[in-house]
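Q: Could you walk me through how to read some features of a structure, beginning with a pair of helices?

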Amino acid sequence: MNPAHVMPSLRRMVVQLLTELEFARGNSEREECIQLLMVLVRSAESWVRPYVGDIFRTILPRIDDGSPQLASKILDTVAALARVGGSDLVPHLDKLLASITQALGDQSSTPKRMSALKALNNCASHCGLVISPYSEYPQLFPILADLVKNESPEMSLEAMRTIGALGAIDPHRYKDAESKVGSAGSGAGGIGATAGDTSDKAAPSSKKGAKRGKRGRHTGPPPNVMTVFSSEEPRETLVGDIAIDAYGKQFSDDMYYIRVSIEALLQILNDPTEAPIHQQAVQALNAMFGPLQNNCAPYLGRIVPAVLRAMEMAPPGQADFYVENLGRLVCMSRQLIRPFLEKMFDLFDPDAHASDRLQSSLVGLIEVLAEALSGDLGSHISTVLPFLVSVIDRDTSEMRQVTDRTLHALRILSPSLEGHLFLVMPRLLSLLDLATTPINVTESTLACISSIVSAVNCNSFASRMVLKLVELLQCSPTPQFQTAVVDVFCTLMEQLQDEFTLFMPMISLTMKSRGIFNHEKYDDCTRLLFSGRLIPKDTLRVLPLLSGDAIRANTRLGLTSSESRPKPNVDATAIRRAWTVGQSMSKGEWAGWLNGLTSDLVRQSPSAALRACSGLASKHPKLCKELFNAAFVSCWTELPGQYQQEIVSSLQEVASKPDVPPDVLQTILGLAGYMERDEKQIQIDLKLLGDYAER
């Protein structure tokens, strides 16, 4: 037989089984995959040889993690792999031997111990694993001797075969290894020692391992003497609202206001003591990105980690808020967010238990990530899909709303599912059951299957899909539901072309039994198929639900793009009311006056970045202090000359009062110095400023 006709199907079967084994949710699914792998290896030994290493690397970590039944089947597969491709297993023998030794000492499962004996026998016979196991694991020989003496005849015979395959070790060398292990810790050589004990305490006895350790002590290329003493660019900080790298620049342009606003908000997000207002700071950042968008791109590398840290510090019930706002940030940033996604994908842990609301928010984040990256999730698709599958498996609610949202996400991801259908399609077909699934979720599943079929090659699942759809058509409750099922048949027909004719008699018979004698779309597709003119239609684009919510929210708040949004006018009357002071004020009233003036300046600022902080600034005095200078200058340039004179007179009057607190006076002096550096000198006599500073 020509291998060229077999190898593609064999490779596809191996990839399918390894994918299902890696992402299986229960031991029963893993046992089925391992059983099929063992049958495949035993049935096609010569043809499966190129894939022995990949198969072994996938199953090795699962020997110690599963149930005894699963471990027994994995060890049987290891025995078969050792016989087929012994040399491919040699680099992994150290870890394998530790797992086999632990399995031999497991008194709770006889089949597991028998499988471990067979695996050890085959490794000794086909991988050259002789004599050295006795030196590295001195407790191995007492275990084998005990099996020969005290177990059943079958196991005793297998143990004798294994001893013969391992060969004989010099008694003096064996005693020396046993004494070394015994001196490392009491009980290390006992029969009941665990794999962790054996691997930790026997490693020093291996000279080969010690040499590897010496060689691996210094890894990587030698240091470059030209860069050893060069430090990374210092992180930008603010000194009196002026960035260190901004001296000598103009402080009244939009980019500087963006910098000041983002820095002030990041200080809040990075401060654990400010946790109660982290949500408002995140909302302000999102409000800022609405009109400014690309102008905020240079700060994404600090904004995304800051939001993730704030989410870690937040109570568990608030995590969904941060996830939703991350999604809105992705919607507005799109491709600009790509370099900062690694930590974001860590959120999709399939083993983590989360509330339905948080799961729905995470699914929404996946949707906008796929949309922003144009479906190109790359290697992250293997992180996203197990999470989505786990959401479907764990959703036991009556309405299955989270499942419905997950199906919508899978429709968006459908072009990226090539090679991962073995993980997704069985779950989708299991949802096509009206007895256990709400009808709206079943309809969403039909739409999801239709999107996947039109986007990727689903030939390997064609028969399973048709049988399940025929069964669903037989019990369809409404004519609209019948139409939805037949529409999926039409999509399958477009993709399978002539191969679909095998299923047409069964489908036609089922349609007639349900009283469907004429279906316009199905009849048209059938006619075009037999005339050779049936052409697959393009996949319909599915938009993320969160992107529509973000657009509607921005429109409602007036946060449109800066190019299409006119520059807001400064309400000078509102600011005049804020700078007016009373005759006699206490220290608390002075602080309230300054905070009120700053809040109005931020609220009326022509800078969209500063205005986005107005809601939080009105409640947070520290943020008011950070934004005062920038907000004052941004409004100053828009005020008429009369109002500029009035506000200067008011500030001079405040500074001249004997009962003004030092912090208010210091703020006015800082403002004068700030404006002088920006060549907008405030019209207060320098002598008076000197007198104020002396106070």
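Q: How are α29 and α34 oriented to each other?
A: Two packed helices are described by the angle and the distance between their axes. In this predicted model, the axes of helix α29 (residues 572–579) and helix α34 (residues 641–656) come within 10 Å and cross at roughly 15°, so α29 and α34 are roughly parallel. Angles under 35 degrees count as roughly parallel, over 145 as roughly antiparallel, 65 to 115 as roughly perpendicular and the rest as oblique. Axes are lines fitted to C-alpha atoms, for helices over the stretch in contact, and angles run from 0 to 180 degrees between N-to-C directions. Helices are DSSP runs (H or I, at least four residues), numbered from the N terminus.

Q: Which residues make the contact of α29 and α34?
A: From α29 come A572, T573, R576 and W579, and from α34 come Q642, Y643, E646, I647 and S650. Contact means heavy atoms within 4.5 Å. By class, this contact has 4 nonpolar, 3 polar and 2 charged residues. Ala, Val, Leu, Ile, Met, Phe, Trp, Tyr, Cys and Pro count as nonpolar, Asp, Glu, Lys and Arg as charged, and the others, Gly among them, as polar.

Q: Before we go on, what are the ground rules for numbering and confidence?
A: Residues are numbered from 1 along each chain as its sequence is written, and side-chain values use heavy atoms, leaving out hydrogens and water. Local features need pLDDT of at least 70, side-chain atom pairs count only at pLDDT 80 or more, and totals for chains, interfaces and linings use all residues.

Q: Are α20 and α21 roughly parallel or roughly antiparallel?
A: Helix α20 (residues 381–394) and helix α21 (residues 401–413) pack at an angle of about 150°, with their axes 9 Å apart, and are therefore roughly antiparallel. Among the residues in contact are L385 and L388 of α20, with T406 and L410 of α21. The contact divides into 9 nonpolar, 2 polar and no charged residues.

Q: Where is I131, and is it buried or partly exposed?
A: I131 lies in the loop between α7 (110–126) and α8 (132–136). Its phi is also positive, about 65°, although I131 is not a glycine. With a relative accessible area of 28%, I131 is partly exposed.

Q: How do I read the buried side of a helix, and which residues of α27 are buried?
A: An α-helix has 3.6 residues a turn, so residues three or four places apart point the same way. In helix α27 (residues 520–530), the buried residues are Y522, C525, T526 and L529. They cover an arc of only 100° around the axis, which puts them on the same side of α27; the arc is that of the directions from the helix axis to the C-beta atoms. These buried residues pack against α25 (479–496) and α26 (504–513). Just after α27, G532 takes a positive phi of about 75°.

Q: Which residues does L308 touch?
A: L308 sits in helix α16 (residues 300–313) and is buried, at 7% relative accessible area. Not counting residues up to four places away in sequence, L308 touches L326, K343, M344 and L347. L308 and M344 are 36 residues apart in sequence but 7.8 Å apart in space, C-alpha to C-alpha.

Methods: Helix = DSSP H or I, 4+ residues; strand = E, 2+ residues; numbered from the N terminus. Buried < 20%, exposed > 50% of the residue type's maximum accessible area, 1.4 Å probe, protein only.
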